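Trainee: Could we go through this structure together? I would like to begin with the core and then turn to the contacts between side chains.
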Amino acid sequence: RFSGLLPHSVKDGVELQTARGRIFIGKRDAIAKKLGASPAAPAIAGYALRCRDAKAFAKRCARAGLEVKGMTVKLPKALGGFWRLR
C-alpha cells in the first residue's frame with residue numbers, strides 16, 4: 001500500500017516489481033524454505049545480489065568466515081539476515 005506498487009502472486013507469497021529489482025513478501029516458513037532460516041517479524045530476512053561470478057564470491061565469503069550454504073551467505077548477527085547470490 002505504501003509503495004504504490006501492485007503485488008503479483010508467486011509461489012509461497014507475493015512480489016513487488018521495482019525499478020531496481022523485486023521484493024518478495026512471504027510467511028516465515030516460506031522464507032525459511034528459501035534461506036534456511038528466517039528472523040521473527042517485522043524483519044528483512046534477506047536480499048538478492050547479482051555479480052559476475054557468484055560462485056567465486058560465495059567462496060570468498062566462506063574464506064572470510066561467513067557461513068555459506070549453497071548460494072546463500074548468512075550475515076553476522078550485527079548485520080542480520082542473508083545474502084542470496086544469483
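Mentor: What follows is a discussion of a predicted model.

Trainee: Which residues make up the largest nonpolar core?

Mentor: Seven residues form it: Ala-54, Ala-58, Cys-61, Val-73, Leu-75, Trp-83 and Leu-85.

Trainee: What does Ala-54 touch?

Mentor: Leaving aside residues up to four places away in sequence, Ala-54 is in contact with Met-71, Leu-85 and Arg-86.

Trainee: Turning to aromatics, how many aromatic pairs are found in the whole structure?

Mentor: The search finds one. The ring centres of Phe-57 and Trp-83 are 5.7 Å apart and the planes stand at 40 degrees, so the pair is classed as tilted.

Trainee: Why is 40 degrees called tilted?

Mentor: Planes under 30 degrees apart count as stacked and those over 60 as edge-to-face, so a pair at 40 degrees falls in the remaining class, tilted.

Trainee: What does the pair tie together?

Mentor: Phe-57 belongs to helix H2 and Trp-83 to strand S7, so the pair links parts that are 26 residues apart in sequence.

Trainee: And is Phe-57 exposed or partly exposed?

Mentor: Phe-57 is partly exposed, at a relative accessible area of 26%.

Trainee: Now the strands. In what sense do S2 and S3 pair?

Mentor: Strand S2, residues 13-18, and strand S3, residues 21-26, pair in the antiparallel sense over six bridges. A hairpin joins S2 to S3 through two residues.

Trainee: Which residue in S3 is the bridge partner of Thr-18?

Mentor: That partner is Gly-21.

Trainee: How many salt bridges are there?

Mentor: The count is two. In one of them, Lys-33 meets Asp-12, with the closest N and O atoms 2.9 Å apart. Lys-33 lies in helix H1, residues 28-35, and Asp-12 in the loop between strand S1, residues 7-10, and S2, so this pair ties together parts that are 21 residues apart in sequence.

Trainee: How exposed are Lys-33 and Asp-12?

Mentor: Lys-33 is exposed, with a relative accessible area of 57%, whereas Asp-12 is partly exposed at 35%.

Trainee: What about the salt bridge of Arg-22?

Mentor: The side chain of Arg-22 meets that of Glu-15, at 3.5 Å from N to O. Arg-22 is partly exposed at 42% relative accessibility, and Glu-15 is partly exposed at 22%.

Technical notes
Residues numbered from 1 in each chain as written. Predicted model: local features only at pLDDT ≥ 70, side-chain atom pairs only at ≥ 80, totals over all residues. Heavy atoms only, no water. Core = buried A, V, L, I, M, F, W, Y, C linked by side-chain atoms within 4.5 Å. Buried < 20%, exposed > 50% of the residue type's maximum accessible area, 1.4 Å probe, protein only. Contact = heavy atoms within 4.5 Å. Phe/Tyr/Trp six-rings, centres within 6.5 Å; stacked < 30°, edge-to-face > 60°. Helix = DSSP H or I, 4+ residues; strand = E, 2+ residues; numbered from the N terminus. Pairing = 2+ DSSP bridges. Salt bridge = Lys/Arg side-chain N within 4 Å of Asp/Glu carboxyl O.
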